[in-house]
Amino acid sequence: MDPALKRQILLEHYQNPSHHGLVENRDYIKINTNNESCIDNLDIMYKIEDGKIADIRFDGEACAISTSATSIMIDTFLGKTLEEASEILENYENMLNEKEYDEKLLGDLKLYCDISKQPNRKKCAYLPFESFKKVLESQRRNG
Amino acid sequence: MKREDFPILKNDLIYFDNGATTLKPQVVVDSMIDYYTNYTANAHRGDYDNSLKVDMKYEEVRTKVKNFIHAKSEREIIFTSGATDSLNRIVFGYMKTHLKQGDEVLITKAEHASNVLPWLELEKEIGIVVRYIPLENHLVTMENVEKSITEKVKVISLAHVTNVLGDIRPIAEIGKLCQEKNILLVVDGAQSVPHRKVDVEELEIDFLAFSAHKMLGPTGVGVLYGKENLLEEMKPLEFGGGMNASFASSGEVEYKSLPSRLEAGTPPIAEVIGMGAAIDYLEEIGMDQIHRYEIELKKYFLEKAKEVDKLVIYNPDIESGLIAFNIDGVFSQDTAVYLNHYHICVRAGNHCAKILKEDLFVKNTCRISFYFYNTKEEIDQLITVLKNAKDLFQIVLS
Ligand SMILES: Cc1ncc(COP(=O)(O)O)c(C=O)c1O
């Protein structure tokens, strides 16, 4: 993709992210993502209904990469089943780790395909997915 | 000013992260290489020439440190692995056996993690109470120190200069007050000893901690200063070779006297020697000179910064070589990534003072911290790059 266009899309997601702002609702699972670098600090909340991702909301302070990745992740995940979303997660991880992955599944998340060249930014692009992994774990535990 | 002594500066690099660690002049590196190539031996052990030379060099550094901070005797200088290690020894080697449940320790919310977490741990272990001196506009004032003192306060533990805003605490006045009230004063000198003259006698400091790597020296070594009568009662946290005079299978042990008693095991010999070379280098320039020049750099920056839109500076009035700033509307880490693109090193984050954000309202800042090898030309370059920050996201997102 044309790098200028790519930057444009990411910037749009950073400046006007999807589903920004938390809600007071006990049906959501809320996860804070203080990443290892101890800077980015996002709260992401997930509403899971009948095995499907019904809603995701987020708020907090984070860098352009983490914030845009969160926004794109939300757009990608909404309406998906947990199985579908974990398949996306797996392919996204593979992409970040320079392994084989299925492009078709990733949609705009593909925009981060070059991020593996900047190891310090890779963590940022992965940050929202860390939180999603915790959601998967908690769902598994609750059977 | 002495830039040619720092080989790394020959690269295209503007290094403004001296609060994290400083660059090393060639003489420091050479002094360690000299030990490793020409007279390697253990300390305190030998009866042969090289070993004696090592002993001499190692103990010479103790004298240099003593003079550098104006301690009374070499017995008051303990080599540690750094400021963090020194602070932990103060808390767990001394305070743990000298404080009791209910005793209060005063710190602030702007302390580095290394001057917070050991105390919180001791609070859990023996029930001391950690209290925070309220900050006035982020600063420690004598009025608030006085107000915070109760009958139960036994220790005040503060950074001399903070790593977040670079503010300087009135340690001399606090030291005096502590003397009057029989309170122990622990000073975290990690950000002050490298940048200004610190005189433990004048400031009436009971314990002082600092790291060599923030003052031109190597990593892995630092200093614990303590008044001799206090160190006499400090319990070693490590036991082993080098610190015992004799022991027998009956369990009878006799420990050596200060400072050896508190330096078990083979010490970081090369690093101690490197620290000695760093102190020589600093003394040759002069600590007052360094302090004055850093303030001059900051003034210059502030003047130039007026030309840059949307620059928010959080500590313009604080006289030190540290600037905390953000570009309005830009997350600090993105600013740091942008500057890195132009080989300008600054630090983004909360600088390990995590509870400060409860008071500061901004969670993250970019930090510029100068040292004497920085120049006005470097500041000019930084200003140019900041002025062009409209490209910021082009760079951060590519
Ligand atoms: C104020 C302050 N105290 C303590 C430390 C800890 O120093 P070290 O990591 O060298 O032990 C630092 C280092 O950042 C500091 O800035």
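Between domain 1 of chain B and domain 2 of chain B there are eight residue pairs in polar contact, both residues at pLDDT 80 or more. A polar contact here is a pair of N or O atoms within 3.5 Å; within protein, one must be able to donate a hydrogen and the other to accept it, and residues adjacent in sequence count only if both atoms are side-chain atoms. On the side of domain 1 of chain B that touches domain 2 of chain B, the largest share comes from helix α8 (residues 269-285) of chain B, with four residues. Helices are DSSP runs (H or I, at least four residues), numbered from the N terminus. By class, that side of domain 1 of chain B has 16 nonpolar, six polar and eight charged residues, where Ala, Val, Leu, Ile, Met, Phe, Trp, Tyr, Cys and Pro count as nonpolar, Asp, Glu, Lys and Arg as charged, and the others, Gly among them, as polar.

A word on what you are looking at: this is a predicted model, in which local features need pLDDT of at least 70, side-chain atom pairs count only at pLDDT 80 or more, and totals for chains, interfaces and linings use all residues. Residues are numbered from 1 along each chain as its sequence is written, chains are lettered from A and ligands numbered from 1 in the order in which they are written, and side-chain values use heavy atoms, with hydrogens and water left out.

Let us step back to the two domains. The assignment for chain B, automatic or from a database, gives domain 1 (26-284) and domain 2 (286-397). Their contact (heavy atoms within 4.5 Å) takes 30 residues from domain 1 of chain B and 27 residues from domain 2 of chain B. Together the two domains bury about 2,200 Å², 63% of it on carbon and sulfur atoms; buried area is the accessible area (1.4 Å probe) that two parts lose on being put together, summed over both.

Now follow chain B over to chain A. Here 18 residues of chain A are in contact with 16 residues of chain B, and the buried area is about 1,600 Å², with 54% from carbon and sulfur atoms. In chain A, the residues losing the most area to chain B are A:Arg7, A:Ile39 and A:Glu61, together 36% of what that side buries.

Which residue forms a salt bridge with A:Arg121? The partner is B:Asp334, the closest N and O atoms being 3.6 Å apart; the rule asks for a side-chain nitrogen of Lys or Arg within 4 Å of a carboxyl oxygen of Asp or Glu.

Conventions:
Helices (H or I, at least four residues) and strands (E, at least two) are DSSP runs, numbered from the N terminus.
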